[in-house]
Amino acid sequence: LGAGMDTDCGGFMDSKAMEKVIDDTKISGLVDTALIHLFKVQFRLGFADPDSMVPFAQVGSEVVNTPAHQQLAREAAEQSLVLLNNDKKNLPWKASALKTVAVIGRNANATANMQGNYYGTAPYLISPLDSISKYVKTTFSDGSDVAAATALVAGADAIVLVVGLTSEGQRPGDETEGHDRTQLTLPDSQDALITAVVSAAAKASKSVTLVSMNGGPLDLSASKSNAGVG
């Protein structure tokens, strides 16, 4: 509170902790300061006013998922993509030149994970696998069975590996609220999966398109320098 943290979304400033602060006259004033800050913002937002006076209270569900908002969401998604390497000019794909695409990886069929934290009820969720499948025949492996994943390489015209982090559950190395990561490398032996798939692709004279889905930073230098990753 003394540092200016007026709110706590976790459990630090619970009732037991705050009772001690309020009972201590030397620091109880910090509570008043924090509440003044909070209520000032709430008053400015119209929390104490009737709905008729608050413009935001007139906004209904009819403005959710409108074509304009869909377009804005698409633009935001497109601007968030970063192309790290395309030396072999494998991208963009030409669907007419592909019969089968092998889609591999723990995030290849991700849906809810793409929303991160604090989200509403999406009207639909389309995974990378779903999206690619709309344009070309696909085969799929989540990568948990490396042998099964590499077996898909031979029958595919293109291979896409979708790796990264997940916010669904607190797993070592992953990202989620209330959980500190202790590494920048890919968790769940995903680097080993990449190596195995790239090796199988190299033997078949094919390259691999790697997609990393993550909100926090990752060290992808090994994959970026891998000649088999296109």
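1. A quick word on terms before the tour: helices here are DSSP runs of H or I with at least four residues, strands are runs of E with at least two, and both are numbered from the N terminus. This is a predicted model, where local features need pLDDT of at least 70, side-chain atom pairs count only at pLDDT 80 or more, and totals for chains, interfaces and linings use all residues. Residues are numbered from 1 along each chain as its sequence is written, and side-chain values use heavy atoms, with hydrogens and water left out.

2. Let's start in helix α3, residues 67–80, which holds both Arg74 and Glu78, four residues apart, or about one turn of the helix. These two form a salt bridge (a side-chain nitrogen of Lys or Arg within 4 Å of a carboxyl oxygen of Asp or Glu), and their closest N and O atoms are 3.1 Å apart. For exposure, buried means under 20% relative accessible area, exposed means over 50%, and partly exposed is in between (1.4 Å probe, protein chains only). Arg74 is exposed because its relative accessible area is 53%, while Glu78 has 44% and so counts as partly exposed.

3. How many salt bridges does the structure hold? There are three. Arg106 and Asp174 make one of them, at 3.0 Å from N to O. This pair links distant parts of the chain, 68 residues apart: Arg106 sits in the loop between β1 (100–104) and α4 (128–133), and Asp174 in the loop between β3 (158–164) and α6 (190–203). Asp174 counts as buried because its relative accessible area is 0%.

4. Arg106 also meets Asp188 in a salt bridge, again with 3.0 Å from N to O. Asp188 is in the loop between β3 and α6 and Arg106 in the loop between β1 and α4, so this pair ties together parts that are 82 residues apart in sequence. Asp188 is partly exposed, because its relative accessibility is 45%. Through shared partners, salt bridges join Arg106, Asp174 and Asp188 into one network.

5. Now for the rings. Rings of Phe, Tyr and Trp (its six-membered ring) pair if their centres lie within 6.5 Å; planes under 30 degrees apart count as stacked, over 60 as edge-to-face and the rest as tilted. That rule gives one aromatic pair. Phe39 and Phe43 form it, stacked, with 6.2 Å centre to centre and 25° between the planes. Both lie in helix α2 (residues 29–44), four residues apart, about one turn of the helix. Phe39 is partly exposed because its relative accessible area is 40%, and Phe43, at 55%, is exposed.

6. Patches are made of residues with over 30% relative accessible area and no salt bridge, with like charges joined within 9 Å and nonpolar side chains (Val, Leu, Ile, Met, Phe, Trp, Tyr) within 5 Å. Val41, Leu45, Phe47 and Phe56 make a nonpolar surface patch of about 450 Å². Val41 belongs to helix α2 and is partly exposed, at 42% relative accessibility.

7. There is a negative surface patch too, formed by Asp14, Glu19, Asp23 and Asp24. Asp14 is in the segment before α1 (15–23) and counts as partly exposed, because its relative accessibility is 36%.

8. Is Asn86 buried or exposed? With a relative accessible area of 15%, Asn86 is buried. Its C-alpha atom is separated by 53 Å from that of Asp51, 35 residues apart along the chain.

How values were computed:
Areas by Shrake-Rupley, 256 points an atom, 1.4 Å probe, with all protein chains shown as cover. Lys, Arg positive; Asp, Glu negative; His and termini not counted. Charge placed at Lys NZ, Arg CZ, Asp CG, Glu CD.
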